[in-house]
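The tour below goes from one selection to the next.

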Amino acid sequence: MNNRLMFLRNGKVISGLVILGFFTLLALLGPWIAPYDPNQVSDALLSPPSAAHWLGTDHTGRDILSQLVVGTRGVLVVGLVAGVSATVVGVLVGVTAGFVGGVGDESLSALSNMFLVIPQLPLIILIAAQLPSAGGLTVALVIGATGWAWGARVLRAQTLSLRKRDFVEAARANGERTWRLVLVEVLPNLTAVIASGFVGTVTFAVLSQVTLSFIGITPVSEWNWGTILFWAQNNLALQRGAWWWFVPAGACIALLGMALTLVNFGIDEIVNPRLRSTGLHARSLRRRGIRPRVGFTPVVREART
């Protein structure tokens with residue numbers, strides 16, 4: 001079966017993409033569909049959810065729903081920029097190292113090993129401390145510049161395996177140029193691995209952005225879900241019983257993380273033949289009372305002697 005059809009038939013992927021599509025719409029339309037200016041103060045101080053303010057207000061009367069909707073763009077932009085930049089660098093370094101071999105492979109592998117040991121979160125905190133105006137874009141670029149090494153190592157290993165396959169050797173024997181071998185023969189077989197690395201980087205970038213905003217490292221004037229939690233924590237929202245101040249932002253973070261995880265699981269089921277078989281027949285297995293587990297190949301039919 002075509003991998004694209006398998007991807008679209010996977011229930012985890014469909015669920016994850018639906019949630020991601022919802023947040024993407026919020027990010028694109030947020031400033032226009034938000035009921036209020038997220039910085040607009042009012043007399044309704046720390047008001048619970050009502051018809052006027054669906055998710056209540058904070059300690060200065062600002063609308064929580066507007067902050068949540070407008071802040072979605074900041075979260076997704078950081079994840080997208082970090083994911084794209086880290087993936088592009090990882091593909092260039094990993095595929096090149098695996099395909100050319102020799103001194104080039106050793107040099108690029110050494111470079112990857114150097115970046116593998118760089119602690120990303122402390123580096124981001126250090127840069128943000130030195131640049132008080134550093135915002136979400138700075139966080140994304142730092143993650144993209146330092147988060148490509150693991151993906152590059154995986155892609156190098158896969159490329160080393162693919163470059164000696166029969167179909168690649170046949171294309172080389174036909175006189176295909178190196179760039180065409182990489183683009184036409186190798187890269188299409190690395191699509192699932194690249195997509196999995198991209199999703200993982202986006203997840204890390206989103207969580208890093210929210211964490212840094214929550215602890216006040218990045219400017220708290222830029223609205224995102226972490227900024228909402230920062231103001232809630234600093235104004236004792238939990239102790240004051242203002243659950244509407246922090247629960248919606250926490251729920252959005254959990255939903256986005258779950259969506260990315262579901263998409264990643266779906267990609268794994270396509271890459272791994274054992275998971276692929278189990279994922280395609282999950283419903284039929286459950287109807288027969290079989291609960292598939294990772295690392296366990298279910299026996300659907302008993303052998304007859």
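Two rings of Phe, Tyr or Trp, with the six-membered ring used for Trp, count as a pair if their centres lie within 6.5 Å. By this rule there are 5 aromatic pairs in the structure, which is a predicted model.

**Aromatic rings**

Select F22, F23 and W225. These three residues make up one aromatic cluster.

R62 sits over the face of the W231 ring, 5.6 Å from the ring centre.

**A surface patch**

Now select L25, which belongs to helix α2, residues 11–33. Together with L25 they form a nonpolar patch on the surface, with about 560 Å² of accessible area in total.

Move to helix α4, residues 102–116, and pick out S112. Is S112 buried or exposed? With a relative accessible area of 2%, S112 is buried, because the cut-off for buried is under 20%. To see what surrounds S112, leave out residues up to four places away in sequence; the contacts are then V93, W148, A149, A152 and R153.

For the last stops, look at the backbone. Most residues other than glycine have a negative phi.

Select L46, in the loop between α2 and α3, where α3 covers residues 64–100. The phi of L46 is near 50 degrees, a positive value in a residue other than glycine.

Then select L236. Where is L236 found? It lies in the loop between α11, residues 225–234, and α12, residues 243–271. The phi of L236 is near 55 degrees, also positive in a residue that is not glycine. L236 has a relative accessibility of 45% and therefore counts as partly exposed, since that class lies between the 20% and 50% cut-offs.

Definitions and conventions
Residues numbered from 1 in each chain as written. Predicted model: local features only at pLDDT ≥ 70, side-chain atom pairs only at ≥ 80, totals over all residues. Heavy atoms only, no water. Patch = residues over 30% accessible without salt bridge, like charges linked within 9 Å, V, L, I, M, F, W, Y side chains within 5 Å. Areas by Shrake-Rupley, 256 points an atom, 1.4 Å probe, with all protein chains shown as cover. Salt bridge = Lys/Arg side-chain N within 4 Å of Asp/Glu carboxyl O. Helix = DSSP H or I, 4+ residues; strand = E, 2+ residues; numbered from the N terminus. Phe/Tyr/Trp six-rings, centres within 6.5 Å; stacked < 30°, edge-to-face > 60°. Lys NZ or Arg CZ within 6 Å of the ring centre and 35° of its normal. Buried < 20%, exposed > 50% of the residue type's maximum accessible area, 1.4 Å probe, protein only. Contact = heavy atoms within 4.5 Å.
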